[in-house]
Amino acid sequence: MNWWKSLKGKVRLNEPLKKHATLKIGGPAKFFIEPQDIADLQLCLRLAKRNKVPTLIIGSGSNLLVSDRGISSAVLSLSASFFKQVSFSSGYCQVGSGVSLSRVLDFSLRQGLSGAEFLAGIPGTIGGALAMNAGIPGRCIADIVKKVEVMDYHGKISLLQKEDIRFGYRYSSLAKYIILRAYLRLKKKSPLEIRCGINQYKAYRRDNQDNSLPNAGCIFKNPGGESAGRLIDLCGLKGQEEGGASVSLRHANFILNSGRASSNDVLRLMALIKRRVRERFHLVLEPEIKIWR
Ligand code: EPU
(Lines give C-alpha, C1' and ligand atoms only; values in the text may rest on other atoms or scores of the structure.)
Protein backbone atom coordinates (compact mmCIF):
# COMPACT_ATOMS: atom_id res chain seq x y z
CA MET A 1 0.00 0.00 0.00
CA ASN A 2 1.29 3.47 -0.85
CA TRP A 3 0.94 4.85 2.67
CA TRP A 4 2.89 8.04 1.81
CA LYS A 5 0.65 9.12 -1.08
CA SER A 6 -1.32 11.74 0.87
CA LEU A 7 1.81 13.61 2.02
CA LYS A 8 2.33 17.08 0.55
CA GLY A 9 6.12 17.06 0.73
CA LYS A 10 8.55 15.33 -1.63
CA VAL A 11 8.83 11.55 -1.25
CA ARG A 12 11.62 9.59 -2.93
CA LEU A 13 11.78 5.81 -2.95
CA ASN A 14 15.08 3.93 -2.62
CA GLU A 15 17.01 7.17 -2.36
CA PRO A 16 20.79 6.55 -2.14
CA LEU A 17 21.89 7.96 1.20
CA LYS A 18 25.44 8.47 -0.05
CA LYS A 19 23.99 11.59 -1.72
CA HIS A 20 22.99 12.90 1.70
CA ALA A 21 26.04 12.02 3.80
CA THR A 22 29.27 14.01 3.65
CA LEU A 23 31.26 10.73 3.83
CA LYS A 24 29.60 9.81 0.50
CA ILE A 25 28.86 6.31 1.75
CA GLY A 26 25.50 4.62 2.22
CA GLY A 27 22.94 2.47 0.48
CA PRO A 28 19.33 3.41 -0.23
CA ALA A 29 16.68 4.54 2.23
CA LYS A 30 13.41 2.80 1.42
CA PHE A 31 11.64 6.16 1.83
CA PHE A 32 13.23 9.61 1.82
CA ILE A 33 10.66 12.22 2.80
CA GLU A 34 10.79 16.01 3.00
CA PRO A 35 7.66 17.01 4.93
CA GLN A 36 6.35 20.35 3.75
CA ASP A 37 5.42 21.79 7.15
CA ILE A 38 4.44 20.84 10.71
CA ALA A 39 1.06 19.32 9.75
CA ASP A 40 2.70 17.27 7.01
CA LEU A 41 5.36 16.06 9.44
CA GLN A 42 2.66 15.01 11.93
CA LEU A 43 0.77 13.20 9.17
CA CYS A 44 3.96 11.47 8.05
CA LEU A 45 4.66 10.21 11.59
CA ARG A 46 1.09 8.96 11.94
CA LEU A 47 1.06 7.15 8.59
CA ALA A 48 4.51 5.64 9.09
CA LYS A 49 3.52 4.33 12.51
CA ARG A 50 0.25 2.89 11.23
CA ASN A 51 2.23 1.07 8.52
CA LYS A 52 4.93 -0.06 10.95
CA VAL A 53 7.67 1.89 9.15
CA PRO A 54 10.35 3.20 11.54
CA THR A 55 11.38 6.83 11.07
CA LEU A 56 14.77 8.49 11.32
CA ILE A 57 15.70 12.16 11.00
CA ILE A 58 18.59 13.28 8.83
CA GLY A 59 20.21 16.71 9.01
CA SER A 60 23.00 17.54 6.62
CA GLY A 61 24.53 14.06 7.04
CA SER A 62 27.82 15.52 8.23
CA ASN A 63 28.16 13.17 11.19
CA LEU A 64 26.75 10.01 9.74
CA LEU A 65 27.87 6.59 8.53
CA VAL A 66 25.19 4.61 6.68
CA SER A 67 25.44 0.92 5.87
CA ASP A 68 25.98 0.05 2.19
CA ARG A 69 22.96 -2.25 2.43
CA GLY A 70 20.79 0.80 3.09
CA ILE A 71 17.96 1.01 5.60
CA SER A 72 14.30 0.07 5.59
CA SER A 73 13.23 3.14 7.61
CA ALA A 74 11.63 6.30 6.34
CA VAL A 75 14.33 8.98 6.50
CA LEU A 76 12.81 12.39 7.18
CA SER A 77 14.65 15.50 6.10
CA LEU A 78 13.50 18.88 7.42
CA SER A 79 14.80 20.68 4.38
CA ALA A 80 11.57 22.22 3.04
CA SER A 81 11.51 26.03 3.15
CA PHE A 82 9.16 25.99 6.18
CA PHE A 83 11.94 24.49 8.31
CA LYS A 84 14.59 26.86 6.98
CA GLN A 85 13.40 30.18 8.34
CA VAL A 86 15.65 32.54 10.29
CA SER A 87 14.52 35.72 12.01
CA PHE A 88 15.36 37.96 14.95
CA SER A 89 12.79 39.30 17.38
CA SER A 90 12.39 40.04 21.09
CA GLY A 91 16.12 39.60 21.63
CA TYR A 92 16.32 36.08 20.20
CA CYS A 93 17.38 34.62 16.92
CA GLN A 94 14.74 32.09 15.85
CA VAL A 95 16.19 29.42 13.62
CA GLY A 96 14.41 26.54 11.89
CA SER A 97 15.84 23.08 12.37
CA GLY A 98 16.90 22.71 8.73
CA VAL A 99 18.99 25.89 8.63
CA SER A 100 22.71 25.28 8.17
CA LEU A 101 25.13 26.65 10.76
CA SER A 102 26.82 28.67 8.02
CA ARG A 103 23.51 30.40 7.23
CA VAL A 104 23.02 31.23 10.92
CA LEU A 105 26.43 32.89 10.83
CA ASP A 106 25.64 34.81 7.61
CA PHE A 107 22.43 36.02 9.22
CA SER A 108 24.09 36.99 12.50
CA LEU A 109 26.81 38.86 10.62
CA ARG A 110 24.27 40.84 8.59
CA GLN A 111 22.22 41.66 11.70
CA GLY A 112 25.25 42.43 13.89
CA LEU A 113 24.51 39.58 16.32
CA SER A 114 27.35 37.95 18.18
CA GLY A 115 27.73 34.69 20.12
CA ALA A 116 27.62 32.00 17.45
CA GLU A 117 31.04 32.73 15.90
CA PHE A 118 32.63 29.59 17.40
CA LEU A 119 30.32 27.50 15.19
CA ALA A 120 32.08 28.82 12.08
CA GLY A 121 33.26 26.04 9.82
CA ILE A 122 31.29 23.30 11.60
CA PRO A 123 29.19 21.60 8.96
CA GLY A 124 25.61 20.73 9.86
CA THR A 125 22.15 22.07 10.51
CA ILE A 126 20.81 23.66 13.70
CA GLY A 127 18.75 20.51 14.34
CA GLY A 128 21.76 18.23 14.02
CA ALA A 129 24.00 20.55 16.04
CA LEU A 130 21.46 20.68 18.90
CA ALA A 131 20.82 16.93 18.87
CA MET A 132 24.51 16.29 19.54
CA ASN A 133 25.42 19.54 21.28
CA ALA A 134 28.04 20.35 18.66
CA GLY A 135 30.92 22.62 19.47
CA ILE A 136 34.62 22.98 19.93
CA PRO A 137 36.71 22.38 23.06
CA GLY A 138 35.36 24.71 25.74
CA ARG A 139 32.31 25.87 23.78
CA CYS A 140 29.12 24.17 22.66
CA ILE A 141 25.85 25.22 21.09
CA ALA A 142 24.09 24.76 24.46
CA ASP A 143 25.91 27.94 25.61
CA ILE A 144 23.73 30.09 23.33
CA VAL A 145 20.40 28.25 23.53
CA LYS A 146 17.43 29.91 25.23
CA LYS A 147 14.65 27.46 24.29
CA VAL A 148 13.87 24.82 21.68
CA GLU A 149 10.63 23.81 20.02
CA VAL A 150 10.38 20.05 19.54
CA MET A 151 7.96 17.38 18.37
CA ASP A 152 7.80 13.91 19.83
CA TYR A 153 7.31 10.87 17.61
CA HIS A 154 3.55 10.97 18.32
CA GLY A 155 3.39 14.45 16.77
CA LYS A 156 3.03 16.40 20.03
CA ILE A 157 4.79 19.78 20.04
CA SER A 158 6.46 21.27 23.15
CA LEU A 159 8.54 24.33 23.85
CA LEU A 160 11.45 23.33 26.09
CA GLN A 161 13.30 25.95 28.11
CA LYS A 162 17.03 25.45 28.39
CA GLU A 163 16.58 24.33 32.01
CA ASP A 164 14.35 21.47 30.78
CA ILE A 165 17.08 20.15 28.49
CA ARG A 166 20.09 18.08 29.55
CA PHE A 167 23.27 18.95 27.69
CA GLY A 168 26.65 17.26 28.03
CA TYR A 169 29.76 16.73 25.96
CA ARG A 170 28.39 15.88 22.49
CA TYR A 171 25.16 14.87 24.21
CA SER A 172 21.72 16.40 24.45
CA SER A 173 18.40 15.04 25.69
CA LEU A 174 16.89 16.72 22.59
CA ALA A 175 18.05 13.76 20.51
CA LYS A 176 14.93 11.84 21.47
CA TYR A 177 12.72 14.47 19.80
CA ILE A 178 12.38 15.96 16.35
CA ILE A 179 13.84 19.42 16.73
CA LEU A 180 11.71 22.05 14.99
CA ARG A 181 13.13 25.43 15.93
CA ALA A 182 15.72 26.96 18.23
CA TYR A 183 15.78 30.31 19.99
CA LEU A 184 19.36 31.48 20.30
CA ARG A 185 20.59 34.20 22.64
CA LEU A 186 22.85 36.50 20.61
CA LYS A 187 24.13 39.97 21.51
CA LYS A 188 24.53 43.08 19.38
CA LYS A 189 28.09 43.71 18.25
CA SER A 190 29.76 45.41 15.32
CA PRO A 191 29.75 43.27 12.14
CA LEU A 192 33.48 43.95 11.80
CA GLU A 193 34.23 42.27 15.14
CA ILE A 194 31.87 39.40 14.34
CA ARG A 195 33.54 38.82 10.97
CA CYS A 196 36.93 38.84 12.64
CA GLY A 197 35.79 36.16 15.12
CA ILE A 198 34.26 34.01 12.38
CA ASN A 199 37.42 34.21 10.29
CA GLN A 200 39.60 33.15 13.23
CA TYR A 201 37.52 30.05 13.96
CA LYS A 202 37.35 29.20 10.27
CA ALA A 203 41.10 29.57 9.83
CA TYR A 204 41.80 27.30 12.83
CA ARG A 205 39.57 24.60 11.43
CA ARG A 206 41.01 25.00 7.93
CA ASP A 207 44.55 24.63 9.25
CA ASN A 208 43.87 21.71 11.59
CA GLN A 209 41.22 19.64 9.87
CA ASP A 210 41.34 17.61 6.68
CA ASN A 211 38.65 18.20 4.11
CA SER A 212 40.73 17.03 1.15
CA LEU A 213 38.39 14.03 0.67
CA PRO A 214 34.84 13.17 1.81
CA ASN A 215 34.70 12.68 5.60
CA ALA A 216 32.39 12.99 8.59
CA GLY A 217 34.52 15.30 10.74
CA CYS A 218 35.85 13.81 13.95
CA ILE A 219 34.96 10.14 14.13
CA PHE A 220 35.44 9.65 17.88
CA LYS A 221 34.57 11.79 20.89
CA ASN A 222 37.47 13.12 22.88
CA PRO A 223 37.91 10.84 25.89
CA GLY A 224 38.19 12.60 29.24
CA GLY A 225 39.38 15.91 27.84
CA GLU A 226 42.17 14.28 25.78
CA SER A 227 42.23 14.80 22.00
CA ALA A 228 41.23 11.51 20.36
CA GLY A 229 43.14 12.71 17.29
CA ARG A 230 46.35 13.12 19.31
CA LEU A 231 45.99 9.64 20.84
CA ILE A 232 45.35 8.00 17.46
CA ASP A 233 48.32 9.90 16.06
CA LEU A 234 50.54 8.67 18.93
CA CYS A 235 49.52 5.11 18.02
CA GLY A 236 51.14 5.72 14.63
CA LEU A 237 47.87 5.26 12.75
CA LYS A 238 47.99 8.25 10.40
CA GLY A 239 47.71 6.93 6.85
CA GLN A 240 46.41 3.53 8.04
CA GLU A 241 44.03 2.09 5.43
CA GLU A 242 41.16 -0.38 5.27
CA GLY A 243 39.93 -0.75 1.69
CA GLY A 244 39.09 2.74 0.47
CA ALA A 245 39.06 4.32 3.94
CA SER A 246 42.14 5.87 5.50
CA VAL A 247 43.15 7.82 8.59
CA SER A 248 43.93 11.40 7.62
CA LEU A 249 47.59 12.40 7.61
CA ARG A 250 46.63 15.82 8.90
CA HIS A 251 44.18 15.03 11.74
CA ALA A 252 44.09 11.45 12.97
CA ASN A 253 40.48 11.66 14.16
CA PHE A 254 39.38 12.08 10.54
CA ILE A 255 38.65 9.09 8.32
CA LEU A 256 38.74 9.91 4.62
CA ASN A 257 36.86 8.20 1.82
CA SER A 258 39.10 7.81 -1.23
CA GLY A 259 35.93 7.48 -3.32
CA ARG A 260 35.60 3.72 -3.11
CA ALA A 261 35.27 3.15 0.66
CA SER A 262 32.45 0.93 1.87
CA SER A 263 30.73 1.33 5.22
CA ASN A 264 32.49 -1.85 6.32
CA ASP A 265 35.89 -0.37 5.45
CA VAL A 266 35.15 2.54 7.79
CA LEU A 267 33.82 0.24 10.54
CA ARG A 268 36.90 -2.00 10.29
CA LEU A 269 39.20 1.01 10.49
CA MET A 270 37.28 2.35 13.50
CA ALA A 271 37.58 -1.04 15.24
CA LEU A 272 41.32 -1.11 14.62
CA ILE A 273 41.73 2.43 15.98
CA LYS A 274 39.69 1.61 19.09
CA ARG A 275 41.75 -1.52 19.73
CA ARG A 276 45.10 0.25 19.39
CA VAL A 277 44.08 3.20 21.60
CA ARG A 278 42.69 0.85 24.24
CA GLU A 279 45.86 -1.28 24.23
CA ARG A 280 48.19 1.68 24.47
CA PHE A 281 46.29 4.19 26.63
CA HIS A 282 43.64 2.04 28.37
CA LEU A 283 41.01 4.46 27.07
CA VAL A 284 37.85 3.44 25.26
CA LEU A 285 37.01 5.64 22.30
CA GLU A 286 33.33 6.22 21.61
CA PRO A 287 32.09 7.17 18.16
CA GLU A 288 31.01 10.76 17.72
CA ILE A 289 29.35 9.88 14.43
CA LYS A 290 25.93 8.25 14.20
CA ILE A 291 25.95 4.82 12.60
CA TRP A 292 22.87 3.60 10.72
CA ARG A 293 22.96 -0.10 9.85
N1 EPU B 1 46.78 16.56 17.52
C2 EPU B 1 47.80 15.72 17.14
N3 EPU B 1 47.58 14.88 16.08
C4 EPU B 1 46.40 14.84 15.41
C5 EPU B 1 45.35 15.69 15.81
C6 EPU B 1 45.56 16.56 16.88
O7 EPU B 1 48.86 15.73 17.73
O8 EPU B 1 46.28 14.06 14.47
C9 EPU B 1 47.02 17.51 18.62
C10 EPU B 1 47.01 18.95 18.10
O11 EPU B 1 48.27 19.32 17.61
C12 EPU B 1 46.59 19.72 19.33
C13 EPU B 1 45.68 18.76 20.06
O14 EPU B 1 45.97 17.45 19.56
O15 EPU B 1 47.71 19.98 20.14
C16 EPU B 1 44.20 19.10 19.88
O17 EPU B 1 43.89 19.07 18.48
P18 EPU B 1 42.66 19.92 17.87
O19 EPU B 1 42.83 21.35 18.19
O20 EPU B 1 42.48 19.54 16.47
O21 EPU B 1 41.42 19.48 18.76
P22 EPU B 1 40.74 18.08 18.93
O23 EPU B 1 40.44 17.95 20.38
O24 EPU B 1 41.51 16.96 18.29
C25 EPU B 1 38.40 19.09 18.67
C26 EPU B 1 37.11 18.72 18.00
C27 EPU B 1 37.16 19.09 16.52
C28 EPU B 1 37.49 20.56 16.35
C29 EPU B 1 38.80 20.86 17.07
C30 EPU B 1 39.18 22.33 17.01
C31 EPU B 1 36.18 16.74 19.06
C32 EPU B 1 36.02 15.27 19.01
N33 EPU B 1 36.90 17.29 18.10
O34 EPU B 1 39.39 18.25 18.13
O35 EPU B 1 35.86 18.87 16.01
O36 EPU B 1 37.65 20.87 14.98
O37 EPU B 1 38.68 20.47 18.44
O38 EPU B 1 38.19 23.14 17.48
O39 EPU B 1 35.63 17.39 19.95
C40 EPU B 1 34.29 17.54 14.87
O41 EPU B 1 33.55 17.77 15.83
O42 EPU B 1 33.91 16.94 13.86
C43 EPU B 1 35.66 17.99 14.98
C44 EPU B 1 36.56 17.61 14.14
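The model is predicted: local features need pLDDT of at least 70, side-chain atom pairs count only at pLDDT 80 or more, and totals for chains, interfaces and linings use all residues. Residues are numbered from 1 along each chain as its sequence is written, and side-chain values use heavy atoms, with hydrogens and water left out.

**Ligand site**

- The ligand is surrounded by 22 residues (a residue is near a molecule if one of its heavy atoms lies within 4 Å of it).
- The closest of these residues are Tyr204, Gln209, Cys218, Asn222 and Ser227.
- By class, the shell has 8 nonpolar, 7 polar and 7 charged residues (Ala, Val, Leu, Ile, Met, Phe, Trp, Tyr, Cys and Pro count as nonpolar, Asp, Glu, Lys and Arg as charged, and the others, Gly among them, as polar).
- A polar side-chain atom of asparagine 222 is 2.8 Å from a ligand oxygen.
- For arginine 170, a side-chain N or O atom lies 2.9 Å from an oxygen atom of the ligand.
- For histidine 251, the distance from a side-chain N or O atom to a ligand oxygen is 2.9 Å.

- An open sheet is formed by 3 strands in the order E17-E18-E19, with antiparallel pairing (strands are DSSP E runs of at least two residues, and helices H or I runs of at least four, numbered from the N terminus; two strands pair if DSSP finds at least two bridges between them).
- Strands E17 (241-242) and E19 (255-257) are the edges, each pairing on one side only.
- Strand E18 (residues 245-247) is joined to E19 by 3 bridges, and alanine 245 has asparagine 257 in E19 as its bridge partner.

Technical notes: A polar contact is a pair of N or O atoms within 3.5 Å; within protein, one must be able to donate a hydrogen and the other to accept it, and residues adjacent in sequence count only if both atoms are side-chain atoms.
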